[in-house]
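Subject: A structure for you to look at

Hello,

Here is the structure I promised to pass on. Please open it alongside this email, and the notes below will walk you through what turned up.

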Amino acid sequence: MQFKHAPAAVSAMFDDPNLVSAAGLVPMLRLARSVGLDELAQSRLSVPTDRGANAGSKVMALVAGMLAGADSIDDMNLLRHGGMGRLFDRTYAPSTLGSFLREFRFGHVRQLDAVASRTLVNLASAAPLLQVRGGERVMVDLDDTIVEVHGYKKQGASFGYSGVRGLNALLATASTTSSAPVILGQRLRQGKTGSPKGAARIVGDVLATLRRMNIGSSVRPLLRADSAFYGHGTVGTAIKSGADVSVTVRMDPAVKTAISSIPEDGWETIEYPNAIRDEATGRWISKAEVAEVPFVAFRSRKIAERVEGRLVVRRIPDLNPNKVEQPTLFDVYRHHAFFTTTDKQTMGTVAADKTHRAHAIIEQVHADLKGGPLAHLPSGVFTANSAWLVLAVIAFNLTRTAGLISDRAGRLARATTATIRRTLITVPARLARSARRITMHLPAAWPWQAAFDRLFTATHAPPHVSTN
């Protein structure tokens with residue numbers, strides 16, 4: 001593509017009061033209102049003083065800014081340009097929204113957590129966020145990530161396990177084979193916080209939210225997590241809440257003893273990077289092998305708190321084995337083991353290993369958030385940043401729902417937030433008013449016009465009228 005005119009023939013002027021850069025906020029905020037986001041925030045948030053007044057409208061404004069691409073409080077000025085004041089009421093100044101967030105305390109953050117979970121439940125009734133096939137499990141993934149911050153005035157910021165100065169965000173997502181992840185729960189913690197701290201509580205909360213979503217699956221959900229969350233608190237809470245677990249274990253003496261008891265003919269080769277399939281036998285020629293052995297977790301605890309299950313082990317040859325005269329099993333191979341309570345009849349050894357490795361899908365959610373609202377944690381106040389995380393999660397789930405409504409069978413149903421924003425939200429428009437009606441004139445030949453039309457029509461449909 002080349003510039004069509006000479007530079008001297010083109011000029012720029014910011015003088016049109018009828019233009020908006022994010023016309024897609026109209027159907028997005030209609031969607032948010034239809035699931036009761038503003039009413040939930042208004043009724044449940046008790047942020048004190050005049051800064052907490054009109055909490056529902058302020059929450060809607062913050063979420064709208066994030067939907068349009070804001071990753072800091074100053075970026076909320078996105079809501080105050082051109083004809084935005086003609087489309088929306090109460091487009092607050094960034095300073096007002098910042099004061100609102102800084103007034104939050106821990107209890108208010110928990111109130112906002114309740115708003116987020118109820119909003120997700122309502123979104124699940126507006127679109128099939130988690131589509132399950134017959135006999136399919138919902139995968140609940142738990143993991144934390146460090147959100148990097150700079151400067152010494154960020155409350156709670158410190159150097160954590162990653163060696164990066166930041167704050168620790170704990171997230172739990174739910175997904176199926178045909179549905180991209182949605183975020184069930186979140187919690188912001190100090191940067192130096194150990195991964196398992198508070199994990200049991202969030203597991204109980206998110207599994208309760210999942211039950212309220214009424215997704216229609218009769219199979220127990222599966223909680224997947226890495227070794228940092230292998231503890232009785234997290235595992236026990238998941239099982240009591242009606243879920244199975246698939247959690248990586250640490251190589252402690254009990255695990256090593258169990259692995260050593262696996263006979264050599266009990267290992268099975270699997271599909272793995274660089275594997276080749278033998279067409280004659282149908283078997284994989286691979287250096288990776290899996291096996292399993294019955295295992296009782298938490299043997300040091302009282303009998304009632306022990307958990308019976310399976311220890312599934314994947315091994316690959318160690319490329320740099322220890323140079324010893326008589327190498328042991330653990331000198332020759334590298335082992336990766338995880339504990340699962342799934343039934344072997346419904347999920348065999350190979351299937352269990354492949355399912356557990358898919359836990360990495362939560363890293364895509366981390367990257368998605370860090371490419372948007374979590375690019376920064378904008379306040380120096382820890383509770384304000386905690387509220388910012390919850391609002392970012394609400395915005396994420398709204399974009400996931402919008403993608404499904406607009407393009408259920410296409411790429412937008414599983415697209416990232418950045419793609420949804422580019423195709424459906426940051427659509428420029430010119431406003432025209434006639435006979436008390438506002439018409440948004442959008443670009444001709446917009447590539448995603450059909451998807452935008454479906455979202456706009458769905459969110460502007462008249463409310464359902466009950467015949468009872």
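**What turned up**

Ala 435 counts as exposed, with a relative accessibility of 69% (exposed means over 50% relative accessible area, buried under 20%, and partly exposed in between, with a 1.4 Å probe and protein chains only). Its place is the loop between β14 (429-434) and β15 (437-441); helices (H or I, at least four residues) and strands (E, at least two) are DSSP runs numbered from the N terminus. Although Ala 435 is not a glycine, it has a positive phi of about 50 degrees.

Before going further, a word on the model: it is predicted, so local features need pLDDT of at least 70 and side-chain atom pairs count only at pLDDT 80 or more, while totals for chains, interfaces and linings use all residues. Residues are numbered from 1 along each chain as its sequence is written, and side-chain values use heavy atoms, with hydrogens and water left out.

Phe 298 also has a positive phi without being a glycine, at about 65 degrees. You will find Phe 298 in the loop between β11 (289-297) and β12 (307-317). With a relative accessible area of 12%, Phe 298 is buried.

**The overall picture**

The protein has 15 helices and 15 strands. Its radius of gyration is 25 Å, close to the 23 Å that the globule rule gives for 468 residues, so the protein is as compact as a globular protein of that length (the radius is taken over C-alpha atoms, and the rule is 2.2 Å times the number of residues to the power 0.38). Along the principal axes, the C-alpha trace spans about 85 × 60 × 55 Å. Buried residues make up 50% of the 468 residues.

**Salt bridges**

Side chains of opposite charge can pair when their charged atoms come close. How many salt bridges does a search of the whole structure find? There are 17, where a salt bridge is a side-chain nitrogen of Lys or Arg within 4 Å of a carboxyl oxygen of Asp or Glu.

One of them joins Arg 33 and Asp 38, whose closest N and O atoms are 3.1 Å apart. Arg 33 is exposed at 55%, whereas Asp 38 is buried at 15%.

Another pairs Arg 187 with Asp 113, with 4.0 Å between the closest N and O atoms. This pair links distant parts of the chain: Arg 187 lies in strand β5 (residues 179-189) and Asp 113 in helix α6 (residues 106-126), 74 residues apart. Arg 187 is buried at 16% relative accessible area, and Asp 113 is buried at 10%.

Arg 220 and Asp 244 also meet through their side chains, at 3.4 Å from N to O. Here too distant parts of the chain are linked, with Arg 220 in the loop between α7 and β6 (222-225) and Asp 244 in strand β7 (residues 244-248), 24 residues apart. Arg 220 is partly exposed at 37%, while Asp 244 is buried at 8%. Salt bridges with shared partners also join Arg 110, Asp 113, Arg 187 and Asp 205 into one network.

**One more place to look**

Gly 82 sits in the loop between α3 (55-67) and α4 (84-87). Its relative accessibility is 44%, which makes Gly 82 partly exposed. Gly 82 and Leu 19 are 63 residues apart in sequence, yet 5.1 Å apart in space, C-alpha to C-alpha.

Enjoy exploring!

Best wishes
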